[in-house]
Amino acid sequence: GVWDLRFRLQVASLTHPARARVRRLGGGSKPGQLLVSVQGNNEVGIWSVESGGRQQAVWASSAPPLAITHPSQHSVCCMTVCGAGLITGGTDCKVRYWHMGQPQESSVVGADYTHTVRSRLLDG
């Protein structure tokens, strides 16, 4: 949950659809946003504290997008907002740059091979 520590009141509750364990938590690029890294699939979500919903997610896994069964074992361990994007580092030993506005500009940083980023818009 999200708490207002001034009054010791819970003001929001955020629950991952697969009830995945939170690995890292950080501030988003806008007020009222949280960056949430969860266990599995190298997933990072941008969550709205106001609505309690996930607004956007990045996912580096061979599992189908936003699948809740059979997640990969890899997780994001560190993340930071960088301009229009997000830089993440994970247990798969990769540093990634995610361009949130133009996914085709996302890349694996420092890799010695070509990595293709696919973008899919999912409704729901």
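Before I start, one definition: a residue is buried under 20% relative accessible area, exposed over 50%, and partly exposed in between. With that in place, a reminder that what you see is a predicted model.

I'll take the salt bridges first. The count comes to three.

Start with Arg54 and Glu43. Their side chains meet in a salt bridge, at 2.6 Å from N to O. Where do Arg54 and Glu43 lie? Arg54 is in strand β6, residues 54–58, while Glu43 sits in the loop between β4 (33–38) and β5 (44–48), so the pair ties together parts that are 11 residues apart in sequence. Glu43, at 3%, counts as buried.

Next, Asp4 and Arg6. This is also a salt bridge, and the closest N and O atoms are 2.6 Å apart. Is Asp4 buried or exposed? Asp4 has a relative accessible area of 16%, so it is buried. Arg6, in contrast, is at 68% relative accessibility and counts as exposed.

Then there is Asp92 with Arg96. Their side chains meet in a salt bridge at 2.9 Å, N to O. Here Asp92 is buried, and Arg96 is buried as well.

As background, side chains of opposite charge can pair when their charged atoms come close.

Now to the sheet. Four strands make an open sheet in the order β7-β8-β9-β10, and the pairing is antiparallel. Which strands are at the edges? They are β7, residues 76–82, and β10, residues 107–109, each of which pairs on one side only. From one strand to the next, the twist averages 25 degrees.

Looking at one pairing in detail, β7 is joined to β8, residues 85–90, by six bridges, and the two run antiparallel. If you want a place to look on screen, find Val76, which stands opposite Gly90 in β8. In general, strands of a sheet pair through backbone hydrogen bonds, either parallel or antiparallel.

Last, the surface. Phe7, Leu9 and Val11 make a nonpolar surface patch of about 320 Å². One of these residues, Val11, is placed in strand β2, residues 9–12. Val11 has a relative accessible area of 52%, so it is exposed, since the limit for exposed is over 50%.

That is what I have; I'll take questions.

Conventions:
Residues numbered from 1 in each chain as written. Predicted model: local features only at pLDDT ≥ 70, side-chain atom pairs only at ≥ 80, totals over all residues. Heavy atoms only, no water. Pairing = 2+ DSSP bridges. Axes fitted to C-alpha atoms, helices over the stretch in contact; angles between N-to-C directions. Salt bridge = Lys/Arg side-chain N within 4 Å of Asp/Glu carboxyl O. Buried < 20%, exposed > 50% of the residue type's maximum accessible area, 1.4 Å probe, protein only. Patch = residues over 30% accessible without salt bridge, like charges linked within 9 Å, V, L, I, M, F, W, Y side chains within 5 Å. Areas by Shrake-Rupley, 256 points an atom, 1.4 Å probe, with all protein chains shown as cover.
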